[in-house]
Amino acid sequence: MVYGLIISAGRQSRFKSAVPKCLSMIDGKTLLDRNIDAMRPYCDKIYTVCSVENQNYFDKYDKIVIESGKGSGDAVWQAIERIGCYEDDLCFIMWGDALHTEDIFAKLQSNYRGRALIPCKWEKLPYVKVSQDKSHTLKVYFSKFHEDTREGFHDLSLFYCPMCALLNKLRQFRNKILRPDGTYRHKHGDEMEFMDLFNETDVEAEILECNDYEDFSFNTVEELQKLTEQKSRR
């Protein structure tokens, strides 16, 4: 089985809207519907991962309802635990505030070699920088935590992973930072951030260079407006 997980459980503190970001309209169609349509040819099952607080917005979708607020890695962990997996299962993971077209999913599947794949673009000042060594070990650096994010690869908010291997590493990461009271202790905001999985475990992964790919993502209404203008010019 190949699963698609669209993570849409965030609190949207920077996005001032009555509806979740993934339900924003772009040329008469929601961002979520656009992503599902692009992903559908490459998945057996697609789930929207939403929170208890916003689940009513997703009644027409196949959804996994989680307790949110503990970080993107925790959201992915909860979703995969809920689904369960077999040894050969694979999954696409993407953030709900990004827009992807069908070609990127095809490229990931055609380049898959048994380890997690992260499509990335080279940028002068990436918000998040992903680096890779010869042993297929990645390191991730965050500008918001004042780490070195000068020139390097920036992820495209999309991942293609062997599902059971990913779940095992998420469990390992979670056990490493979990406090007795059920909260997390980590230098990056006391959350289980998905990208920190590559810093805190030896998960095998590699960068897939996608420098010609258009990167559409947003956090604010203004960024959405810019994205919509770009989309209309395509």
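**Overall picture**

The model is predicted. The protein chain has 234 residues, and 52% of them count as buried. Its secondary structure comprises six helices and 14 strands. Among contacts with a separation of 6 or more, 72% join residues 24 or more positions apart.

**Helix α1**

Helix α1 spans residues 31-39. How many of its nine residues are buried? Eight are, so the helix is largely enclosed by the rest of the structure. The buried set is Leu31, Leu32, Asp33, Arg34, Asn35, Ile36, Ala38 and Met39. That set includes charged side chains, Asp33 and Arg34 among them.

Aspartate 33 sits in α1. Its relative accessible area is 19%, and it counts as buried because the cut-off is under 20%. Leaving aside residues up to four places away in sequence, Aspartate 33 touches Lys60 and Tyr61.

Alanine 38 also lies in α1. Alanine 38 is buried, at 8% relative accessible area. Its contacts lie elsewhere in the sequence. Not counting residues up to four places away, Alanine 38 touches His100, Thr101, Glu102 and Phe105. The C-alpha atoms of alanine 38 and aspartate 103 are 8.2 Å apart, although 65 residues separate the two along the chain.

**The second largest pocket**

The second largest pocket has a volume of about 170 Å³. Its lining consists of Ile36, Arg40, Cys43, Asp44, Lys45, Ile46, Tyr47, Thr48, Lys60, Tyr61 and Asp62. Which element gives the largest share of this lining? Strand β4, residues 45-51, does, with four residues.

Ile36 lines the pocket and is one of the buried residues of α1. Lys60 and Tyr61 also line the pocket, and both are touched by aspartate 33.

**Cysteines**

How many disulfides does the structure hold? The count is zero. A disulfide is a covalent bond between the sulfur atoms of two cysteines. For cysteine 50, the closest cysteine sulfur is that of cysteine 22. The gap is 8.7 Å, so the two sulfurs are too far apart for a bond. Cysteine 50 is buried, with a relative accessible area of 0%. Cysteine 85 is partly exposed, at 23% relative accessibility.

**Helix α5 and leucine 197**

Helix α5 covers residues 197-200, and leucine 197 is found in this helix. Leucine 197 is buried or exposed? It is buried, with a relative accessible area of 0%. Leucine 197 touches Leu166, Lys169, Leu170, Phe173 and Val203, when residues up to four places away in sequence are not counted. Among these partners, Leu166, Lys169, Leu170 and Phe173 fall within the range of α4 (163-177). The C-alpha atoms of leucine 197 and arginine 174 are separated by 9.1 Å. Along the chain, leucine 197 and arginine 174 are 23 residues apart.

**Two aspartates with positive phi**

Aspartate 27 has a positive phi of about 55°, although it is not a glycine. Aspartate 190 likewise has a positive phi, near 55°, and is a residue other than glycine. Where do they lie? Aspartate 27 is in the loop between β2 (25-26) and β3 (29-30). Aspartate 190 is in the loop between α4 and α5. Aspartate 27 is partly exposed, at 46% relative accessible area. Aspartate 190 is partly exposed too, at 36%.

**Accessibility of the selected residues**

| Residue | Relative accessible area | Class |
|---|---|---|
| Aspartate 27 | 46% | partly exposed |
| Aspartate 33 | 19% | buried |
| Alanine 38 | 8% | buried |
| Cysteine 50 | 0% | buried |
| Cysteine 85 | 23% | partly exposed |
| Aspartate 190 | 36% | partly exposed |
| Leucine 197 | 0% | buried |

Conventions: Residues numbered from 1 in each chain as written. Predicted model: local features only at pLDDT ≥ 70, side-chain atom pairs only at ≥ 80, totals over all residues. Heavy atoms only, no water. 1 Å grid on protein atoms, 1.4 Å probe; cavity = no way out; pocket = protein on both sides within 12 Å on 5 of 7 lines; lining within 4 Å. Points joined across faces, edges and corners; volume = space filled by probe spheres on them. Disulfide = S-S within 2.5 Å. Buried < 20%, exposed > 50% of the residue type's maximum accessible area, 1.4 Å probe, protein only. Contact = heavy atoms within 4.5 Å.
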